[in-house]
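Here is a short report on one model. Please have a look at the sequence and the structure before reading on.

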Amino acid sequence: MAVDMNIKKLFFIGYSDLLIHQVQGEWTIKNVKILPYLHCVKELCKKFTKIKFKHVPIIHYEFVDALATLSSMIQHPDMNYIDPIEIEVRDQHEYCFHVDEETNGKPWYYDIKRFLEVREYLENATNGQKRALRSLANHFFLNGEVLYRRTPDLGLLRFVDAIEATILLEEIDGGTVSL
């Protein structure tokens with residue numbers, strides 16, 4: 001794809017340390033079955049004025065996969081240009097996210113929580129809104145009064161309103177939090 005887009009400088013990130021070192025000529029090939037693939041890759045490398053390879057352990061490949069997904073979604077009028085993506089690497093995970101202001105006094109997840117509690121929809125809800133609410137509710141569950149969302153890695157996110165979020169942040173800042 002990079003060749004078809006006439007890209008001249010390429011930064012390749014991969015999880016196969018063996019493959020990267022073989023392409024760069026640093027390691028020899030013991031399995032002759034992969035020689036045709038290596039030859040093909042080396043021929044493709046000649047089409048770039050500069051090519052750099054970086055090994056990323058497979059455990060960190062989620063990030064590489066996310067970048068690949070992002071790059072496949074970006075469309076630019078000039079097909080030979082891709083907007084740069086700026087990435088900020090932090091020392092710690094960000095566990096607390098922005099809490100939207102609650103204009104009507106109810107948190108944004110109020111409808112989901114109410115649906116899980118009593119299986120009732122809002123008055124005048126359209127069929128599409130009802131279907132969307134049922135779909136959203138599949139990813140949430142209630143434990144008493146506390147609403148949780150299941151994450152793909154089987155983690156749980158706890159949803160709190162603005163008041164509870166403020167209290168939690170104060171407790172975290174003071175070092176007295178107990179979830």
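Is E145 buried or exposed? E145 counts as exposed, because its relative accessibility is 56% and the cut-off for exposed is over 50%. Keep in mind that this is a predicted model.

## The sheet

Three strands make up an open sheet. Their order is β3-β4-β5, and they pair in antiparallel fashion. Strand β3 covers residues 140-143, and β5 covers 156-159. Both stand at the edges with a single partner strand each, so one side of each has no neighbour in the sheet. On average, neighbouring strands are turned by 35 degrees against each other, direction ignored.

Look at the pairing of β3 with β4, which spans residues 146-150. Four bridges join these two antiparallel strands. Here F141 stands opposite Y148, a residue of β4.

## The helix on the sheet

Helix α4 is made of residues 110-118. This helix packs on the sheet and touches both β3 and β4. The direction of α4 makes about 65 degrees with that of β3.

Which residue forms a salt bridge with K113? The partner is E145, with the closest N and O atoms 3.9 Å apart. K113 lies in helix α4, while E145 lies in the loop between β3 and β4. The pair therefore ties together parts that are 32 residues apart in sequence.

The two partners differ in their surroundings. K113 counts as buried, because its relative accessibility of 17% falls under the 20% cut-off. E145, at 56%, counts as exposed.

## Other salt bridges

How many salt bridges are there in the count? There are four. The pair K113 and E145 is one of them.

Another joins K46 and E43. Their closest N and O atoms are 2.9 Å apart. K46 is exposed, with 61% relative accessibility. E43 has a relative accessible area of 34%, so E43 is partly exposed.

E164 and R158 also meet through their side chains in a salt bridge, at 2.5 Å from N to O. E164 is partly exposed, at 29% relative accessible area. R158 counts as partly exposed too, with a relative accessibility of 33%.

Note on methods
Residues are numbered from 1 along each chain as its sequence is written. This is a predicted model: local features need pLDDT of at least 70, side-chain atom pairs count only at pLDDT 80 or more; totals for chains, interfaces and linings use all residues. Side-chain values use heavy atoms; hydrogens and water are left out. Two strands pair if DSSP finds at least two bridges between them. Axes are lines fitted to C-alpha atoms, for helices over the stretch in contact, and angles run from 0 to 180 degrees between N-to-C directions. Contact means heavy atoms within 4.5 Å. Buried means under 20% relative accessible area, exposed over 50%, partly exposed in between (1.4 Å probe, protein chains only).
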